[in-house]
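Subject: Structure handover

Hi there,

Here is the structure I promised to pass on to you.

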Amino acid sequence: MSDPTIYAQHIRIWYGTPAGPVRAVDDVSFSIQNGEILGLVGESGSGKSTIGRGLLGLLPPGSVMDGELAFKGEDLLALDQKERFKRRGRDLAMIFQEPLTRLNPLMRVSEHFTETLRTHFPKISDAEVEKRSLDVLQVIGIPPSRWKAYPHEFSGGMRQRIMIALALVLRPAFVVADEPTTALDVLVEAQIIRILRDLAEQFDTALLLITHNLGIIAEACDRVAVMYAGKIVEIGDARDVFSDPQHPYTQELLRSTITLTTDGLHSIPGAPPDLIDPPSGCHFHPRCPKAMAHCAVAEPPVRNKRGGKPEPGTTDVACWINQLADVPEDARGPLERGEISVADEA
Ligand SMILES: Nc1ncnc2c1ncn2[C@@H]1O[C@H](COP(=O)(O)OP(=O)(O)O)[C@@H](O)[C@H]1O
Ligand SMILES: [Mg+2]
């Protein structure tokens, strides 16, 4: 098998702050094959955008990233800034959340595409710019008659499509879409998701689709990674994870989605932890309905469902329940929570 488009191993990303380092991404591993869509889901603040930006080399000053990151077998972290910049756009692209703030209101659609293409291919002719751009715009459902229009002449959904087309006109092999549909209504959202799926298929693009919406994952993704407090707690085939969720956090997330449409919102009790001083053991243990005594003291490694080594094609999960054989017998009882609730009330 050829190298995956993205191979990320033991990625850690910390932000320096006056209060101490924020461990936004804490030992995360995954890979994405070409043509594959990996969904990344989790509560706000769990580190999703940080992963997306880290993969593209777009972290702010003061942040530190380590681990192993390869694009089609090439070590990305070994590249200098200039080489990294060259890769960005051409090989690796990002679709952001707020389209209007990213399109220049004074520039026509045609000018946006010309600028994007010329940055990476300085010698490209006007005719070639127009041809390549209109090809992508057509896939995305924007007719050639709008080529000279300005951003304000489009609806929010159309502008988001233009943003996507701008990211894709360079035919990147890898795209990060960070909550690309949050600002859109449900119908437009469905269209955008369909477009992304078509693109992954037609151009063999690998896609990391970041969202807090499980419906989008179910609709669009081949695989899903569930993030909690800087860690991937479960990753696997989307259908498998949805039909047979392993991690108690995934189970709670799915429960909150289901009840949203039935009898009101079931929110997961408690709040996501402080990533400057995350909980000991499993980061989820203070909120976990199934926590054992062991969960508060030891961090569960990533294993397949049956506690064995992760292998391609398995659903992997970081939870002691799946590796009970490795939990000392006297630490399998339910976690004593008396002190935690006192601390919460204080
Ligand atoms: N530039 C930054 N400086 C310091 N902390 C940050 C910065 N950006 C994000 N964080 C923190 O990192 C954690 C993860 O944030 P983020 O990746 O944006 O999560 P998500 O996209 O899942 O909502 C949060 O605790 C957030 O407050
Ligand atoms: Mg985010």
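Below are my notes on the ligand shell, the helix beside it, the core, the sheet and the domains.

First, the ground rules: this is a predicted model, in which local features need pLDDT of at least 70, side-chain atom pairs count only at pLDDT 80 or more, and totals for chains, interfaces and linings use all residues. Residues are numbered from 1 along each chain as its sequence is written, while chains are lettered from A and ligands numbered from 1 in the order in which they are written.

Let's start with ligand 1. It is surrounded by 14 residues, and Tyr15, Ala24, Lys48, Ser49 and Thr50 are the closest; a residue counts as near if its C-beta atom, placed from the backbone, lies within 6 Å. The shell is made up of 5 nonpolar, 8 polar and 1 charged residues. Here Ala, Val, Leu, Ile, Met, Phe, Trp, Tyr, Cys and Pro count as nonpolar, Asp, Glu, Lys and Arg as charged, and the others, Gly among them, as polar. At least two shell residues come from each of β2 (22-32) and α1 (48-56), and α1 gives the largest share, 3 residues. Helices (H or I, at least four residues) and strands (E, at least two) are DSSP runs, numbered from the N terminus.

Helix α1 is largely enclosed by the rest of the structure, because 8 of its 9 residues are buried. Buried means that 20 or more other C-beta atoms, placed from the backbone, lie within 10 Å of the residue's own. Lys48, Thr50 and Arg53 are among the buried ones. After α1 comes Gly57, with a positive phi near 70°.

Of its 88 residues, Ala165, Leu196, Leu209 and Val226 touch the most other members. Helix α6 (residues 156-168) contributes the largest share of this core, 7 residues.

There is also an open sheet of 8 strands with mixed pairing, in the order β6-β7-β8-β3-β9-β10-β12-β11; strands pair if DSSP finds at least two bridges between them. Its edge strands are β6 (92-95) and β11 (303-304). Strands β10 (residues 231-237) and β12 (residues 316-317) run antiparallel and are joined by 2 bridges.

Finally, an automatic or database assignment divides the chain into domain 1 (102-171) and domain 2 (269-345). Their C-alpha centres lie 48 Å apart.

Best wishes

Definitions and conventions: A nonpolar core is a set of buried Ala, Val, Leu, Ile, Met, Phe, Trp, Tyr and Cys residues joined through C-beta atoms within 7 Å. A residue is buried if 20 or more other C-beta atoms lie within 10 Å of its own, exposed if 12 or fewer, and partly exposed in between; C-beta atoms are placed from the backbone.
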